[in-house]
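Please look over the model shown below before reading on. The briefing that follows goes through helices, nonpolar cores, a pocket and a few single residues.

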Amino acid sequence: MQKKIYNILITGSGAPGAPGIIRSLQDNEELNLFLADANPNAYGSLLNFPFYKIPAALEPDFIDEVLKISLQDKIDLILPLVTKELNLFALYKNKFEEHNIQIVVSEISNLKIANHKIELYKKLQENGIIVPDFLEVKRLDELEKSIDILSKNGKIPVTIKPAESNGSRGFRIIDSKIDNWDLFFNKKPNSTFINKNNLIEILSQKDFPPLLLSEYLPGMEYSVDCLAKNGETLVAVPRSRIRMVEGISVEGMVEKNEEIINYCKAIIKVLQLNGPIGIQVK
């Protein structure tokens, strides 16, 4: 009996994880790979696979263009690698399923929580899953008071990040012991440290989105590569983030840490996540 060949469209073929994902799939004789990215010079464009330049996720014709390509090449399954694409694919999943095209994505209601750091912390806390102490900051007049509360009046560092962002965008460690002279001469330009006064000055310039302020967790950071099916964890592989460049892990070690694995299983179950899931923990 002849095996069915599946046509897989990978969007975001220029994403940091794309090379490893493509390499793991390309030797499977049951899969035909098709690659796409908003950048015409993305990593995927240099490989020996059909490649398409597609609109960025926030452009109005993104879904229509991906559907057009999928119908043209008889795509069976879409594997999105760009965070900003996920909500759109989840919203319009039925539009693709009408043509028997499956998308590896969680339900939109669960995704909105998973990708919103404040809602995620609240959801986990409600379900008895440990999270760092945190506060939500929406206005400038809340900021200084919240920093003082969590930092115990400057005695310990705290972290701040937008509720919706990725790749360390907007992430800073607020430390009262850091001064501008030290930042300039002793830290690299991509340092994540900032003092409270500088942060207040920056955020006073414009309206800002909701921010998650949380206690700083010392110690090793882990990325956990998970595969889930409707809330059930099939695989969870923790790896230490030994060295990072601009928020991306470039050196690490796989570690069978049952505490971390069980923690991630609990998160996936609460959020009923589906497909490949990345979780970062400390």
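Which residues are buried in helix α2 (residues 62-72)? In this predicted model, the buried residues of α2 are Phe62, Ile63, Val66, Leu67, Ile69 and Ser70. Because these residues cover an arc of only 160° around the axis, they lie on the same side of α2.

- In helix α1 (residues 18-26), the buried residues are Ala18, Pro19 and Ile22, and they are on the same side of α1 because the arc they cover around the axis is only 95°.
- The partners against which the buried residues of α1 pack are the strands β1 (6-11) and β2 (31-37).

**Nonpolar cores**

- The largest nonpolar core is made up of 24 residues, and those with the most contacts inside it are Val224, Cys226 and Ile279.
- Two or more residues of this core come from each of α6, β11 (222-229), α10 (258-271) and β14 (275-281), and the element that gives the most is α10, with 6 residues.
- Apart from this core lies another one, of 21 residues, which includes Phe34, Leu67, Ile78 and Leu111.
- Once residues up to four places away in sequence are set aside, valine 224 touches Ala236, Val237, Pro238, Ile260, Cys264, Ile277, Gly278, Ile279 and Val281.
- In soluble globular proteins, nonpolar side chains tend to be buried together.

**The second largest pocket**

- The volume of the second largest pocket is about 270 Å³, and among the 13 residues that line it, Gly170, Arg172, Leu199, Ile202 and Leu203 are the closest to its centre.
- By type, the lining of this pocket consists of 9 nonpolar, 2 polar and 2 charged residues.
- Both β7 (158-162) and α9 (196-203) supply at least two residues of the lining, and α9 gives the most, with 4 residues.

**Single residues in loops**

- Serine 13 is placed in the loop between β1 and α1, and it counts as buried because its relative accessibility is 0%.
- Not counting residues up to four places away in sequence, serine 13 touches Ala18, Ile22, Leu35, Ala36, Asp37, Ala42, Tyr43, Gly44 and Phe51; of these, Ala18 and Ile22 are among the buried residues of α1.
- Histidine 116 sits in the loop between α5 (108-114) and α6 (117-126), and with a relative accessibility of 14% this residue counts as buried, since the cut-off for buried is under 20%.
- When its neighbours within four places in sequence are left aside, histidine 116 is in contact with Ala163 and Glu164.
- Aspartate 61 belongs to the loop between β3 and α2, and its relative accessibility of 36% is why aspartate 61 counts as partly exposed.
- Between the C-alpha atoms of aspartate 61 and valine 254, which are 193 residues apart along the chain, the separation is 40 Å.

Note on methods:
Residues are numbered from 1 along each chain as its sequence is written. This is a predicted model: local features need pLDDT of at least 70, side-chain atom pairs count only at pLDDT 80 or more; totals for chains, interfaces and linings use all residues. Side-chain values use heavy atoms; hydrogens and water are left out. On a 1 Å grid over the protein atoms alone, a cavity is a set of points where a 1.4 Å probe fits but cannot get out, and a pocket is an open set with protein on both sides within 12 Å along at least five of seven lines; lining residues have an atom within 4 Å of a point. Grid points are joined across faces, edges and corners, and a volume is the space filled by probe spheres set on the points. Ala, Val, Leu, Ile, Met, Phe, Trp, Tyr, Cys and Pro count as nonpolar, Asp, Glu, Lys and Arg as charged, and the others, Gly among them, as polar. Buried means under 20% relative accessible area, exposed over 50%, partly exposed in between (1.4 Å probe, protein chains only). The arc is that of the directions from the helix axis to the C-beta atoms. Contact means heavy atoms within 4.5 Å. A nonpolar core is a set of buried Ala, Val, Leu, Ile, Met, Phe, Trp, Tyr and Cys residues joined through side-chain atoms within 4.5 Å.
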